[in-house]
Amino acid sequence: PKKKFVLLKFSRNFKDLLGKGSLTVAESAELVREYIHQERSSLFFRHVVHPGLRREDVQEKVHDARSIAQNTTSHNIVVFFDEINTSTCPAVFKELFFDKSIRGERINEENIFFVG
């Protein structure tokens, strides 16, 4: 079974306040505070490329993004490699962007996009 990908992880206090029905002004303010501070999962990942970045580092970033993409089919995942022109391993980016594979393994997830 697929693990459900959660964009927001609500605290117990938030759920209790939300289920309460009518709230006092203080409780409403607390609900807003709780919402603002909720843990959020990102769907956009920015990685800064630099001359010290290794093939293995890129592969790890791709693996992490693929794990998220496999656990959610209702959202698109965008992985942005910034400053790609500074890379010392252009072949890995050619494989990723043009062949849509990494280390020869095809990336079949249709909800993941790599840009640079």
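## Strand pairing

Two strands count as paired here if DSSP finds at least two bridges between them. Keep in mind that this is a predicted model. With that in hand, look at strand 7: Phe114 in that strand is the bridge partner of Val79. Strand 4 (residues 77-82) and strand 7 run parallel and are joined by 4 bridges.

## The sheet and its helix

Zooming out, there's an open sheet of 3 strands, ordered 3-4-7, with parallel pairing. Strand 3 (44-48) and strand 7 (112-115) sit at the edges with a single partner strand each, so one side of each has no neighbour in the sheet. From one strand to the next, the twist averages 15 degrees.

Helix 3 (residues 55-71) lies across strand 3, strand 4 and strand 7, and runs at about 165 degrees to strand 4.

## Aromatic pairs

The structure has 4 aromatic pairs. One of them is Phe44 with Phe80: the ring centres are 6.4 Å apart and the planes are at 25 degrees, so this pair is stacked. Phe44 belongs to strand 3 and Phe80 to strand 4, so the pair ties together parts 36 residues apart in sequence. Phe44 is partly exposed at 45% relative accessibility, and Phe80 is partly exposed too, at 22%.

Then there's Phe93 with Phe97, stacked because the centres lie 6.1 Å apart with the planes at 25 degrees. Both residues are in helix 4 (residues 90-99), 4 residues apart, or about one turn of the helix. How do they sit relative to the surface, buried or exposed? Phe93 is buried, with 3% relative accessibility, while Phe97 is partly exposed at 27%. Together with Phe81, Phe93 and Phe97 form one aromatic cluster.

Technical notes:
Residues are numbered from 1 along each chain as its sequence is written. This is a predicted model: local features need pLDDT of at least 70, side-chain atom pairs count only at pLDDT 80 or more; totals for chains, interfaces and linings use all residues. Side-chain values use heavy atoms; hydrogens and water are left out. Helices (H or I, at least four residues) and strands (E, at least two) are DSSP runs, numbered from the N terminus. Axes are lines fitted to C-alpha atoms, for helices over the stretch in contact, and angles run from 0 to 180 degrees between N-to-C directions. Contact means heavy atoms within 4.5 Å. Rings of Phe, Tyr and Trp (its six-membered ring) pair if their centres lie within 6.5 Å; planes under 30 degrees apart count as stacked, over 60 as edge-to-face and the rest as tilted. Buried means under 20% relative accessible area, exposed over 50%, partly exposed in between (1.4 Å probe, protein chains only).
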